[in-house]
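Here is a short briefing on one protein structure. Please look through the sequence and the model first, then read the points below.

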Amino acid sequence: MESTGCSAAAVRTRDMESQGDLSLVPERLQRREQERQLEVERRKQKRQNQEVEEENRNFFTAAFARERAAVEELLEGTESVERLEEAASRLQGLQKLLNDSVLFLTAYDLRQRQEALVRLQAALAERRQELQPKKRFAFKTRRKDAASSTKVGAAPGIPPAVESIQDSPLPQKAEGDLGSSWVCGFSNLESQVLEKRASELHQRDVLLTELSNCIVKLYGNPNTLRLTKTHGCKLLCGPVSTSVFLEDCSDCVLAVACQQLRIHSTKDTRIFLQVTSRAIVEDCSGIQFAPYTWSYPEIDKDFESSGLDRSKNNWNDVDDFNWLAQDMASPNWRILPEEERNIQWD
């Protein structure tokens, strides 16, 4: 009897345990169903995001191609200043379209579009030059007692030199340029302090080349700026309406504001930057970035004239075309530490 009672008790215990396990089944099934639904929702959201991104990319591609064709048509053989101004306006719109689309463009697509903009900006500058009245151009050698209107505070003991690219248009092209005819700038100078005022720069294209240990101050609103083959210089520039290009520079300090910045074959250079798109570096090393801090009287007016959105600054959003790794920062550029940003510009 006792044995039979024990056996019955064991059976009841197993039945209770079995019923307890069965009571957990709905809870486990419910949890699995919730996890499945969450996964389905995640996949659905991902697919929707991809579709939206693809729609945005298709819209951008069509809009960019349409506006690019319109600008090319306006530039093609035109003899009208009004058509050139319309081309310039549409070109700025094209740059804004590109700036607004950088989040869903690949690095390759971004590079292709930016290079297309560079070519259009160069073509616009060249057409503007062709429509300007022809002026005789010459490099002038300074006399010892001559004072340049664009030079202040020359270092003592510097011999007379070929000084500046004069305000008249340049018929020749600088080595390594993009095919445009640059309007004004400085060339082949050493240990000098150089300036250009707003009236000289407004919506003009500026070339600075083969400068060494110079201080250059550009007050006003240029259209484009190009700095090449320059060493140990400090460049301070007001807002540039479109693009700034650096090439073959070293040991420089720059303060620039622009829509687009591209740096090629440059090393050990600090850049205080205001840029509405992403900066691009290629074949560079030792580049450091910090926010734009230069100021001067009338700079607010120049920003307004430039069309730049002063509230938008992507100074620390940089693409390195020589560094494709997504999980590691590029060794070719870095953020300038805050304790090293206290620059005395004047």
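**Salt bridges, pocket, cysteines and one glutamine**

A search of the whole structure finds 10 salt bridges. A salt bridge here is a side-chain nitrogen of Lys or Arg within 4 Å of a carboxyl oxygen of Asp or Glu. The model is predicted: local features need pLDDT of at least 70, side-chain atom pairs count only at pLDDT 80 or more, and totals for chains, interfaces and linings use all residues. Residues are numbered from 1 along each chain as its sequence is written, and side-chain values use heavy atoms, with hydrogens and water left out.

**Salt bridges**

- Arginine 90 pairs with glutamate 67 in a salt bridge, and their closest N and O atoms are 2.9 Å apart.
- Arginine 90 sits in helix H2 and glutamate 67 in helix H1 (residues 2-75), so this pair ties together parts 23 residues apart in sequence. Helices (H or I, at least four residues) and strands (E, at least two) are DSSP runs, numbered from the N terminus.
- Arginine 90 is partly exposed, at 29% relative accessibility. The classes are buried (under 20% relative accessible area), exposed (over 50%) and partly exposed (in between), with a 1.4 Å probe and protein chains only.
- Arginine 226 forms a salt bridge with glutamate 247, with the closest N and O atoms 2.6 Å apart.
- Arginine 226 belongs to strand E6 (residues 224-228) and glutamate 247 to strand E8 (residues 243-247), so the pair ties together parts that are 21 residues apart in sequence.
- Arginine 226 is buried at 4% relative accessibility, whereas glutamate 247 is partly exposed at 22%.
- Salt bridges with shared partners join Glu67, Glu86 and Arg90 into one network.
- Glutamate 195 forms a salt bridge with arginine 197, and the closest N and O atoms lie 3.1 Å apart.
- Glutamate 195 is buried, with a relative accessible area of 16%. Arginine 197 is partly exposed, at 41%.

**Cysteines**

- The disulfide count is zero. A disulfide is a pair of cysteine sulfur atoms within 2.5 Å.
- Cysteine 214 is buried, with a relative accessible area of 2%. Cysteine 252 is buried, with a relative accessible area of 2%.

**Largest pocket**

- The largest pocket has a volume of about 420 Å³. A volume is the space filled by probe spheres set on grid points, which are joined across faces, edges and corners.
- A pocket is an open set of points on a 1 Å grid over the protein atoms alone, where a 1.4 Å probe fits, with protein on both sides within 12 Å along at least five of seven lines; lining residues have an atom within 4 Å of a point.
- The lining of the largest pocket has 19 residues, and Ala107, Asp319, Asp320, Trp323 and Gln326 lie nearest its centre.
- Helix H3 (107-131) and strand E14 (318-320) are the elements that give two or more residues to this lining. H3 gives the most, with four residues.

**Glutamine 95**

- Glutamine 95 is found in helix H2 (residues 81-99).
- Glutamine 95 is buried, at 0% relative accessibility.
- Beyond neighbours within four places in sequence, glutamine 95 is in contact (heavy atoms within 4.5 Å) with Leu117, Gln121, Ser243, Gln259, Gln260 and Ser277.
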